[in-house]
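Please open the model in your viewer and keep the selection panel at hand. The tour below moves from one selection to the next.

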Amino acid sequence: MTNLLLVFLEGAYTNLKRILFASDRVTDMGIRNMILEGRVTPTEKVAEASCIGCGGCSNACPTGAIEMVDLDEPVQLMEGLTKTQLPVLNSEKCVNCYYCHDFCPLYALFGQAGTIHPNDVGEVDSDISQLLEKPVKISEDKIAFISQYLADNTIIRKRENK
Ligand code: SF4
Ligand code: SF4
């Protein structure tokens, strides 16, 4: 019982930090302000063609606003990598923290426009199969940013409990 309480408190604290203080968000504040002030026209939430269906955005979302849904037809992106799911963003649960965008590998690894965005994915014309063939150079900072999610105990527990 005590352990359960600790797990709950740890998860709640991590997410509270993200929501209130944007403790590990990197999306440019200028873009964020433009969106919050309504100067960006909302379009699609997910650029489906470029999304690889990795589920990173869903794991990173502190409010559980992103659900990964199964595709009717899986899409093979390259040998050994097939997309089976796409994220669906629930705007009513979204608090505009932009972690989903920041964690999307297109943005985090390749520096391209992220394929998910709470208000506007913008122009995403990346050819995902070509990007995936490209060697990626990642800075220590970026590895630390990504690994904090991969090592986040609350996410690992969430997966184990599925
Ligand atoms: S911007 Fe919205 S959908 Fe994206 S991680 Fe934050 S709360 Fe979740
Ligand atoms: S993190 Fe990006 S590529 Fe991965 S499922 Fe979410 S939108 Fe798609």
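How many nonpolar, polar and charged residues are in the shell around ligand 1? The shell has 12 nonpolar, two polar and no charged residues, where Ala, Val, Leu, Ile, Met, Phe, Trp, Tyr, Cys and Pro count as nonpolar, Asp, Glu, Lys and Arg as charged, and the others, Gly among them, as polar.

Before going further, note that this is a predicted model, in which local features need pLDDT of at least 70 and side-chain atom pairs count only at pLDDT 80 or more, while totals for chains, interfaces and linings use all residues. Residues are numbered from 1 along each chain as its sequence is written, and chains are lettered from A and ligands numbered from 1 in the order in which they are written.

Select Cys61, Cys94, Cys97, Cys100 and Pro118, which come nearest to ligand 1 among the 14 residues around it, a residue being near if its C-beta atom, placed from the backbone, lies within 6 Å.

Now select Cys57, Cys61, Tyr99, Cys100, Phe103, Cys104 and Ile116, the residues with the most contacts inside the largest nonpolar core, which has 23 residues. Such a core is a set of buried Ala, Val, Leu, Ile, Met, Phe, Trp, Tyr and Cys residues joined through C-beta atoms within 7 Å, and buried means that 20 or more other C-beta atoms lie within 10 Å of a residue's own. Helices α3 (56-60), α4 (99-103) and α5 (105-108) each supply at least two residues of this core.

Finally, show the whole chain as a cartoon, and find its eight helices and two strands, which are DSSP runs numbered from the N terminus (helices H or I, at least four residues; strands E, at least two).

Note on methods
A residue is buried if 20 or more other C-beta atoms lie within 10 Å of its own, exposed if 12 or fewer, and partly exposed in between; C-beta atoms are placed from the backbone.
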